[in-house]
Amino acid sequence: VLNDITEKKRAEQELRYLANFDTLTGLPNRALLSERLARAIVRARRHDTMVAVLFLDLDRFKEINDSKGHAIGDLALAEAARRFLGATRKEETLARLGGDEFVLIAEGADHRAAALIAARLLQSLSEPLVLMGMPHTIGTSIGIAFYPNDGRTSEELIKHTDIAMYRAKAGGGGYRFYQAEMSTELEKHLDIAQRLGPALEAGQLQLYYQPKIRLATGELLGAEALLRWQDPELGWISPAVFIPVAEQRGMMSRLGDWVLRESCHQLKQWRTEGIAMPGRLSVNVSARQIEDPEVLGRMLEIVHAAGAAPHWLELELTESSMMGNPEHSVEILGLLAAAGFGLSIDDFGTGYSSLSYLKRFSADEIKIDISFVRNMLNDKNDYAIVNAIIAMAHSLGMSTTAEGVELEGQAEALHGMGCDVGQGYLFGRPEAAGVFADKWLRAQCR
């Protein structure tokens with residue numbers, strides 16, 4: 001009796017392939033990666049050698065996936081995988097862990113060899129990806145850990161490479177070797193993340209206000225609302241700590257709405273008391289908020305519900321946040337300006353603005369970053385940069401505000417250059433609403 005089992009064998013092969021390989025990239029999947037890493041660890045234990053594990057996460061992939069759609073996102077993943085594979089040697093194993101995450105196993109590799117592997121992988125993405133005829137710049141952040149020093153199981157090694165990768169991403173890309181203290185910092189990070197949501201609900205967050213001063217006359221010309229958090233157990237937590245956590249956890253829109261709502265309520269209350277803020281109150285707006293196509297409607301709803309008006313507020317957007325998707329930013333900023341909001345480009349000089357876009361942004365003000373103001377009296381390059389920013393802003397019809405003014409000499413030099421407004425400890429520190437009102441608003445009414 002003869003039976004043709006060709007189709008059965010083909011089906012078995014297909015099932016075996018689907019169980020072990022990623023259909024989009026053709027690379028080994030998570031299951032096969034775990035199996036191969038476990039085998040590599042067994043061999044390394046037997047021969048007393050090392051295993052390097054590299055965890056790769058694509059930079060700026062989410063921007064492409066969200067703005068261009070999943071079809072283009074899949075093309076980006078496939079092309080990135082092809083380039084990574086081209087930079088991988090036959091004795092190394094490259095796998096797709098999931099999403100935009102990849103893992104490479106290099107048996108016998110020490111720190112020097114792992115660094116060379118990472119350099120090859122980074123170089124493979126140095127040229128833009130051409131997707132549907134359009135170039136897209138994408139990078140990768142790499143975390144590296146070793147058996148046996150950084151972990152003795154597959155799970156420990158993957159966990160520690162993931163931690164190191166996030167450190168690399170926070171540092172702007174490249175690669176980082178895992179260090180034990182990174183786990184301690186991650187635990188603190190997770191603790192902050194778990195506390196932040198409940199803190200917002202419990203009213204632990206509050207706004208402080210820092211004055212903005214007209215340099216020519218010394219009069220108050222508005223203020224900036226700054227977010228502060230005092231945890232019952234941890235005490236004061238710096239915005240430099242919890243804002244990055246909020247960004248990673250996707251909480252910036254929620255935080256931004258809260259800040260805008262509280263700012264509007266406070267402005268309304270001061271007006272009710274007869275101590276209205278002169279000028280506008282500046283409120284920081286995140287890149288995540290600007291990416292939302294419904295941002296204008298939501299902001300107007302918040303402002304009107306509080307009994308406030310858009311022209312009471314100035315929205316501060318960082319230079320880098322607007323250049324993530326400049327065409328979209330031009331459109332959104334135009335709508336916000338038309339609705340009556342003032343607009344300011346924050347941290348100017350630290351991003352990568354193109355003048356062709358800068359002239360199209362409907363901004364009223366450029367804020368000169370503190371990093372230039374701090375050393376402008378001692379560094380001729382910083383002095384020249386500040387002077388150039390002021391001249392350029394005025395030529396585009398924008399006013400200028402210098403951040404971080406702490407010395408009389410800085411204020412005098414800025415005024416001499418034509419800078420309009422100063423903000424910094426020389427004039428006043430951020431203070432709670434009541435203290436700010438007594439010191440600045442009620443004082444001018446006497």
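Over the ring of which residue does the charged end of Arg-429 sit? The ring is that of Tyr-425, with the charged end of Arg-429 3.9 Å from its centre. The charged end of Arg-271 sits over the ring of Trp-312, also 3.9 Å from the ring centre. The criterion is NZ of Lys or CZ of Arg within 6 Å of the ring centre and within 35 degrees of the ring normal.

The model is predicted: local features need pLDDT of at least 70, side-chain atom pairs count only at pLDDT 80 or more, and totals for chains, interfaces and linings use all residues. Residues are numbered from 1 along each chain as its sequence is written, and side-chain values use heavy atoms, with hydrogens and water left out.

The largest nonpolar core has 80 residues. Such a core is a set of buried Ala, Val, Leu, Ile, Met, Phe, Trp, Tyr and Cys residues joined through side-chain atoms within 4.5 Å. Buried means under 20% relative accessible area, exposed over 50%, and partly exposed in between (1.4 Å probe, protein chains only). Trp-270, Leu-313, Leu-336, Phe-341 and Leu-414 have the most contacts inside this core. Helix α9 (residues 252-272) gives the most to it, with 8 residues. Helices (H or I, at least four residues) and strands (E, at least two) are DSSP runs, numbered from the N terminus. Another core lies apart from the largest one; it has 30 residues, among them Leu-27, Leu-94, Leu-129 and Ile-144.

An open sheet is formed by 5 strands, in the order β2-β3-β1-β6-β7, with mixed pairing. Two strands pair if DSSP finds at least two bridges between them. The edge strands, β2 (93-98) and β7 (174-177), each pair on one side only. Strand β6 (residues 139-147) runs parallel to β7, joined by 4 bridges. Ile-142 stands opposite Tyr-175 in β7.

The whole structure holds 8 aromatic pairs. Rings of Phe, Tyr and Trp (its six-membered ring) pair if their centres lie within 6.5 Å; planes under 30 degrees apart count as stacked, over 60 as edge-to-face and the rest as tilted. Phe-84 and Phe-102 form an edge-to-face pair, 5.4 Å centre to centre, with 75 degrees between the planes. Phe-84 belongs to helix α4 (residues 70-86) and Phe-102 to strand β3 (residues 101-107), 18 residues apart. Both are buried. The ring centres of Tyr-209 and Trp-270 are 5.2 Å apart and the planes stand at 65 degrees, so this pair is edge-to-face. Tyr-209 lies in strand β8 (residues 205-214) and Trp-270 in helix α9, so the pair ties together parts 61 residues apart in sequence.
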